Amino acid sequence: MNAVAKHEIEVQADTKLVPVNNAPMVAMIERIVMDPSIPIDRLEKMLDMKERMEDRAREDQAFQARKAYFAAMSACQSELPVVTKTRRNSHTNSTYADLAAIEQQAMPIIHRHGFAVSFQPDGYNQKGELRILWEISHAQGHVRNGVGEIPVDGAGSQGKVNKTGTQAFGSTATYGRRYLLCMLFNISTGDDRDGNAQTAEPEDVQTITEAQASVIRELIEKAALSNDVFCKRWQIDAVTDVPMSKFNEVVQSLRVRIKALKEKANEEKNNG
């Protein structure tokens, strides 16, 4: 196959990438490509022009795909319910929405708006946390992805190992999928009000932001507490489950403990 014929096939195969309003220009380029008498330098210029047109077409397609993605995400989130907490954690004496409840109540809506969601374990980081690759793709072609790093759930509230390696992996993977799904689609969870629809004020069911959770984690560390002890005290499954309405109370409680620890340390130092 000679070079001219090869270029002809490539132009015909890629014409679908060019917007309809550029079709006359593509047709002209095809005619030029098929004419062996056209100087090679002119042919190269025409092919460069075609490539630029295709690049613009791809950029426009990508922009339209992103636009459709975010429009669908907005519509999807407006329909997502507050997922009912149907499971009980006997260790923390609290209720929570498990992955099955979240998927049952949220995934039909997510799928209806053209989204597909996937999670894939990807080994462990240097801290020993499980890495979970997540990806959200939309029917119009736009894709977003990232990685979540989840502390391994291998010990109970007393800090004692209570799971085999396989059980810890499964528990951590499920926990990670549950929290990533809620975070990526802004899904909230709440208590079942005797089978009735949620009527509480938004602040009663809204949990703290990630920035507020970071503040609390720092205070927990300074207060010499474990996450399990903290969660048991506030009857939650994770720091991110702290209700927005209790954020100030939680922060104040931790600061009081930190102050007491400092005073005790100073007293022991002086006595020593």
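Strand E4 covers residues 115-124 and strand E5 residues 130-138; they run antiparallel, joined by eight bridges. For these labels, helices (H or I, at least four residues) and strands (E, at least two) are DSSP runs, numbered from the N terminus, and two strands pair if DSSP finds at least two bridges between them. Tyr-124 stands opposite Leu-130 in E5.

A word on the source: this is a predicted model, where local features need pLDDT of at least 70 and side-chain atom pairs count only at pLDDT 80 or more, while totals for chains, interfaces and linings use all residues. Residues are numbered from 1 along each chain as its sequence is written, and side-chain values use heavy atoms, with hydrogens and water left out.

Now, how many aromatic pairs does a search of the whole structure find? Four. Tyr-69 and Phe-70 are edge-to-face, because their ring centres are 5.1 Å apart and their planes at 75°. Rings of Phe, Tyr and Trp (its six-membered ring) pair if their centres lie within 6.5 Å; planes under 30 degrees apart count as stacked, over 60 as edge-to-face and the rest as tilted. Phe-115 and Phe-185 are also edge-to-face, at 5.8 Å centre to centre and 80° between the planes. Phe-115 lies in E4 and Phe-185 in helix H5 (residues 165-185), so this pair ties together parts 70 residues apart in sequence. Tyr-69, Phe-70, Phe-115 and Phe-185 form one aromatic cluster.
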